[in-house]
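I opened this notebook to record what I looked up in one structure.

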Amino acid sequence: GTPVDAEQESKRMDNLKIMQSIIDYLQSNYTKSLTLAETSHYFNLSTFHFCRLFKSLAGTNFKHYLNSIRVDAAEEQIRLTNHSITNIALECGFNNIRTFNRVFKSIKGCNPSSLRL
């Protein structure tokens, strides 16, 4: 390949490494109230660059990805524990139960409480 190809490949690998770090970071910190601004700052990226990188490599935006992690964790807890759904929602990084119910339903297609019936 030409030097340009090698350069592009190197850049692509760097981006994938950054993306893996971002995903690991989100998996470890989803219970905290993470914002796009704070997370992009943590990785020394502008929010613009962070969003572009994230969308191009994850195929979805930051907020949706983070919500998916949170909803998956909440679903597991709803199924495996008898903790209140409100507590689970708050533990999984949602600020309130209304937001949690809305996001959960949009991602899973059902209400969280229906998992308990």
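For the residue classes used below, I count Ala, Val, Leu, Ile, Met, Phe, Trp, Tyr, Cys and Pro as nonpolar, Asp, Glu, Lys and Arg as charged, and the others, Gly among them, as polar. I note at the outset that the model is predicted.

Entry on the pocket. I looked up the largest pocket and found about 160 Å³ of space in it. I listed its lining as S33, L34, T35, K63, N67, R70, G93, F94, N95, T99, R102 and V103. By class, I recorded six polar, three nonpolar and three charged residues in this lining. I also noted that α4 and α6 each contribute at least two lining residues.

Entry on the helix pair. I then asked at what angle α4 and α6 pack. Helix α4 (residues 62-80) and helix α6 (residues 97-108) meet at about 95 degrees, and their axes lie 10 Å apart. I therefore describe α4 and α6 as roughly perpendicular to each other. On the α4 side, I found the contact made by H64, N67, S68, V71, D72, A74, E75 and I78, and on the α6 side by F100, V103, F104, I107 and K108. I classed the residues of this contact as seven nonpolar, three polar and three charged.

Entry on salt bridges. My search of the whole structure returned four salt bridges.

Definitions and conventions: Residues numbered from 1 in each chain as written. Predicted model: local features only at pLDDT ≥ 70, side-chain atom pairs only at ≥ 80, totals over all residues. Heavy atoms only, no water. Axes fitted to C-alpha atoms, helices over the stretch in contact; angles between N-to-C directions. Helix = DSSP H or I, 4+ residues; strand = E, 2+ residues; numbered from the N terminus. Parallel < 35°, antiparallel > 145°, perpendicular 65-115°, else oblique. Contact = heavy atoms within 4.5 Å. 1 Å grid on protein atoms, 1.4 Å probe; cavity = no way out; pocket = protein on both sides within 12 Å on 5 of 7 lines; lining within 4 Å. Points joined across faces, edges and corners; volume = space filled by probe spheres on them. Salt bridge = Lys/Arg side-chain N within 4 Å of Asp/Glu carboxyl O.
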